[in-house]
Amino acid sequence: MDRRTFLSSFAAVCAVGPIAPARAAQDGLTTLSDGSFALPVNMLSSSAEPAQLRDALAAAGLSQTEHRNPLNVSVLTRGDEVVIFDCGAGANFMDGAGKLAANLAAAGIAPEKVKHVLFTHAHPDHLWGALDDFGTPAFPEATYHIAAAERDFWMSADVFSQMPEDRQAFAAGAQRNIKELTSVLKTFKPGAEIVSGVSAFDTRGHTPGHVSFEVKLGSDTMLVLGDALTHPVISFQHPDWRGGFDQEPDRAIATRRVLLDKLASEQTKIVGYHLPNGGMGRVEKSGSAYRFVPAA
Ligand SMILES: [Zn+2]
C-alpha cells in the first residue's frame, strides 16, 4: 500500500501554496493509519440475528464472514503544532495494527512535534499506542487529554467485574497506560475547549466517558467521531442494533440516533476512527435510517 492509501484529507482544509520541505505535513486535518485488524462479523452486533447481519453486509457488497477494521488517527497540523486524536493500538494489541509511528515518520512528523494527544476513549486500539516499547510516553513533548468520566471508569476498582472474560485485558491495559501517563495526563468534561478551536462533544455509550471532538478550521467544522459510529453500514443503516463493543449498549443507541440526525441535518464533515478510506465523509438520511457518504 502506498502513502495515498493511508493519508486522506479534505482539500478545502489543506494549506494552499507550495510545501517547502519535501515531506512536511500540510496544515489542516488529515488521517494517518495505524493499520487494521480482522474481526469475525458476528462480533459487530450483539443483538442482530446472524442472518439479518449477513444480509445487511451482503447488500452493501461486504464480506459476510470477516470485517477488516481500519484504524484512522486524525492529525491536526497548524504551523508548528501537531495535535493527534487517539494513539493507535501500539505493538501489543492485534496483528496488523500499531503502524502509527511508521506512518507519522513517513509523513515527516517526528514524535516530538506532537504537542497534544486527545483521547476519544480508552479502548486498546485508541490508547495502547500512547506508550512506546519502553513503556514511556510515545510523544515525549505532548500533553495527553482524556474525559474525567472515562479515566474514572477505567481506574475504578470494580472495572474488571464490568468487563466480560474476553475483555479483561482491555481494563488491565487501560489502567497500565493511564498510570504511566499520569504526570502528563489532563482530564476534561464534555463541552470544554481542550486546545484552541477543539471542543469535546459528549457521545458516551460506546464507553461511559466516550467523547467526540469538534474541530474548527477556518469556516469549516469537522467532527472527529472516535467510535460513536464504527461501521459504515451497521452504525448508519441499523443504529438500533446493539454494538458488539459498546459498554453501555442502550446509551450508545440513543447517542447514535441523536448524533446521526444532527450530522445529517447539519451536513457536518466527519472522521470515523474505523470508517473506510481514511474515515472521512458525511451522513445522509436514507429511508428510516442513514447512510455514510465517503469524502470524494
Ligand atoms: Zn475503536
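In β13, Met280 is the bridge partner of Val271. The structure is a predicted model, in which local features need pLDDT of at least 70, side-chain atom pairs count only at pLDDT 80 or more, and totals for chains, interfaces and linings use all residues. Residues are numbered from 1 along each chain as its sequence is written. Strands β12 (residues 269-272) and β13 (residues 280-286) pair in the antiparallel sense over two bridges; pairing requires at least two bridges found by DSSP between the strands. Helices (H or I, at least four residues) and strands (E, at least two) are DSSP runs, numbered from the N terminus. β13 also pairs with β14 (residues 289-294), in the antiparallel sense and over six bridges, and Arg291 of β14 is the bridge partner of Glu284. Two residues separate the strands of the β13 and β14 hairpin, where Gly287 takes a positive phi near 60°.

Val271 is also in contact with Leu225 (C-beta atoms, placed from the backbone, within 7 Å). Other contacts of Leu225, leaving aside neighbours within four places in sequence, include Ser212, Ile270 and Tyr273. Leu225 is among the residues with the most contacts inside the largest nonpolar core, which has 63 residues. Such a core is a set of buried Ala, Val, Leu, Ile, Met, Phe, Trp, Tyr and Cys residues joined through C-beta atoms within 7 Å. Another core, of seven residues, lies apart from it and includes Leu44 and Trp241.

In helix α6 (residues 168-181), the buried residues (20 or more other C-beta atoms within 10 Å of their own) are Phe170, Gly173, Ala174, Asn177, Ile178 and Leu181. Seen down the axis of α6, these residues fall within an arc of 125° (taken from the directions from the helix axis to the C-beta atoms), so they line one face of the helix.

Terms used: A residue is buried if 20 or more other C-beta atoms lie within 10 Å of its own, exposed if 12 or fewer, and partly exposed in between; C-beta atoms are placed from the backbone. Two residues are in contact if their C-beta atoms, placed from the backbone, lie within 7 Å.
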